[in-house]
Number of protein chains: 2
Amino acid sequence: MVDQLLVNQNRTMIDKFSEVKVESPSDMIIRQIRSLISSGELKPGDKLPPERRLAEKFGVGRSQVRDAIKKLEFYGILKTHPQSGSVVSGIGIVALEGLITDVLQIEEHDFRSLVETRILLEKQTASLAAQRRTDDDIVHLTNALRAYEDKTKRGEPAVEEDLLFHIKIAEVGKNNVLKSLMMIITPDIVVNFNKYKVCNDSNVNKSLKEHQAILDHIVNQDPVKAAMAMELHLRDVLEFSKSMKSE
Amino acid sequence: MVDQLLVNQNRTMIDKFSEVKVESPSDMIIRQIRSLISSGELKPGDKLPPERRLAEKFGVGRSQVRDAIKKLEFYGILKTHPQSGSVVSGIGIVALEGLITDVLQIEEHDFRSLVETRILLEKQTASLAAQRRTDDDIVHLTNALRAYEDKTKRGEPAVEEDLLFHIKIAEVGKNNVLKSLMMIITPDIVVNFNKYKVCNDSNVNKSLKEHQAILDHIVNQDPVKAAMAMELHLRDVLEFSKSMKSE
DNA sequence: AACCAATAATTGGTCGACCAAATATACCAA
DNA sequence: TTGGTATATTTGGTCGACCAATTATTGGTT
């Protein structure tokens, strides 16, 4: 009650500090765990204190600690064994420092980096697909391209089918990690696609031909040409995005 | 009570089905949400039913639903607005299908895929680093290499310093996404490093020279040679790992 | 009828309590 | 002393209840 009054009285002063409260609670916990590690209290390889103790030490509920641990586990920094405890991953303390700070800023993907990386990944998937494709794979790829073609011919937006074709290529490449990484950056790309309206009508025809060319090279098992066709395709997208961005 | 008795009576029969229960509860929820989407009950862009309703519908607690939603949010498939609801991301329903099934299997990183992808990423980071390095960057890289050298000269294991050097190169490349992706796969690599004892004494000398070569090419701003040196370096690791694995 | 304020219902976030599995401890027998 | 078993404790997983913010509803005023 009294606290509430004080808050209202100091509203203008509170506003000046509000900017530091943008970081979410779980991020704060992550930062605290990081400090535990860098201060030497937590060496890689040994067990994390139990969630209850951490919650008490940080003065928060156990839920938030669990959230933080889950996030860290997601990025491979921790490994949680049920009914036993969480263990700091084998990676060294020095590298950990850099890792964790990066996790907190992992969303800051600027557009240039995004497209640049996508080109890299997709060139490789195209190359691998050309090397490792089976006859079954060709059927799947053809179907995916057909679906894309049908929708564009009807004048409908086909961003989904476009991406699906690319994902199928990644599957044919038969490299789990590569595909997973593509999966991770794909949502960001879609967001930016919609933001900059990359896929308008004037581009779909060219895009369709480029897709067909990529597929042809994969069918012919020509890794180099497949990669080049993919790069050409994506390079167009990049250039177009640049022009949109400068508007 | 009665159910319990039935379960005990049918223990042998239950055992036959136990194999399907290996998937974690939250994965089951993810699968269910996916079926909700593919059945058309959930179209991209509109709000997810409230957590309580989902929990009731799936016959589980709300915690598990929250876990599933958080996992999906990690991958950008959902976006949660506090006190308002979760929204299906703009990405299309078709692509979602592929995405979600992949999320469930995203941990199956086999070793070949891992090293293959690492080579790809690191070649690019080396190339970019050679293109974009500043004078300050060189100082940092040199220090990192020095730290690695010192520790190896003393005969101590220096896996951390090794990786730190690579991470520094990624930073010099100035591509957020690329660095983030390297961060993601690095823990897996370390685990496998320790498993196969890649960095033994006979290799450290060679490794050190290769690191120096990479650094030189970055200093000379020669992207092609930097990438080649990096590939050479990592290719050795791959070959060595292969031989260890076949033991 | 239109608009706005006050109130009621809904919703995700948080917390504490309970559960079952895993581990540590204590105790007894050989 | 040693080995194993039974018990006690610890631990992450799960659940239901409560909280604050948001949204929907309602009622009244203009």
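Mentor: A residue is near a molecule or strand if one of its heavy atoms lies within 4 Å of it. The model here is predicted: local features need pLDDT of at least 70, side-chain atom pairs count only at pLDDT 80 or more, and totals for chains, interfaces and linings use all residues. Residues are numbered from 1 along each chain as written, chains are lettered from A and ligands numbered from 1 in the order written, and side-chain values use heavy atoms, without hydrogens and water.

Trainee: Which residues are the closest to DNA strand D?

Mentor: DNA strand D is surrounded by 21 residues, and the closest are Arg52(A), Arg62(A), Arg66(A), Gln83(A) and Ser63(B).

Trainee: Which polar side-chain atom lies 3.3 Å from a base nitrogen of DNA strand D?

Mentor: A polar contact is a pair of N or O atoms within 3.5 Å. One such atom belongs to the side chain of Arg52(B); the side chain of Arg62(B) also has an N or O atom 3.3 Å from a base nitrogen of DNA strand D.

Trainee: Which residues surround DNA strand C?

Mentor: There are 20, and the closest are Ser63(A), Arg52(B), Arg62(B), Arg66(B) and Gln83(B). The side chain of Arg62(B) places an N or O atom 2.3 Å from a base oxygen of DNA strand C. At a phosphate oxygen of DNA strand C, a backbone N or O atom of Glu51(B) lies 2.9 Å away.

Key:
A polar contact is a pair of N or O atoms within 3.5 Å; within protein, one must be able to donate a hydrogen and the other to accept it, and residues adjacent in sequence count only if both atoms are side-chain atoms.
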